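Student: Hi, I have a structure to go through with you. Can we start with what holds the middle together?
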Amino acid sequence: MGDDIRRNMALFPIGIVMKLTDLTARQIRYYETNELIQPARTEGNQRLFSFNDVDRLLTIKSYIEKGLNIAGIKQVMNLNKEEPVKEATVISDSSEKKRKEMSDTELRQLLKQQLMMNRPGSTPMNRGELSRFFH
């Protein structure tokens, strides 16, 4: 499975995303309302987020901490060539089948691998800014 497909696969419910990003469900829904993220929806209308969505939420959180408002974040994200506006996370038949076949252990391994991965121009999720812990 290619990295692009894996990073865009809808895997995480909002509860897990809240823990990964330290954002509240209300904040995440607000960013969705303002079209900063576009998680996939199951048939039961549950949001499922991809690694790309989590990365995007962490970027939004970083901009908020730096003092940008939503309008400013939209402009920065639209102008930033490294992070173009991505298509919405989609649940395709093949990705949903693969997701259902994955065991919890495999999913945790995949998450750990993505967390530790250092992509060009970004900080791994496990090495974020520590400013949120010091007030």
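Student: How many residues are in the largest nonpolar core, and which have the most contacts inside it?
Tutor: It has 18 residues, and Tyr31 and Leu57 have the most contacts inside it. A nonpolar core here is a set of buried Ala, Val, Leu, Ile, Met, Phe, Trp, Tyr and Cys residues joined through side-chain atoms within 4.5 Å; buried is under 20% relative accessible area, exposed over 50%, and partly exposed in between (1.4 Å probe, protein chains only). This is a predicted model, where local features need pLDDT of at least 70 and side-chain atom pairs count only at pLDDT 80 or more, while totals for chains, interfaces and linings use all residues. Residues are numbered from 1 along each chain as its sequence is written, and side-chain values use heavy atoms, leaving out hydrogens and water.
Student: What does tyrosine 31 contact?
Tutor: Beyond its neighbours within four places in sequence, its contacts (heavy atoms within 4.5 Å) are Leu23, Leu36, Ile37, Leu57, Ile60, Ile64 and Ile70.
Student: Is glutamate 35 buried or exposed?
Tutor: Exposed, with a relative accessible area of 61%.
Student: And where is asparagine 45?
Tutor: In the loop between β1 and β2 (47-48). Asparagine 45 has a positive phi too, about 70°.

How values were computed. Helix = DSSP H or I, 4+ residues; strand = E, 2+ residues; numbered from the N terminus.
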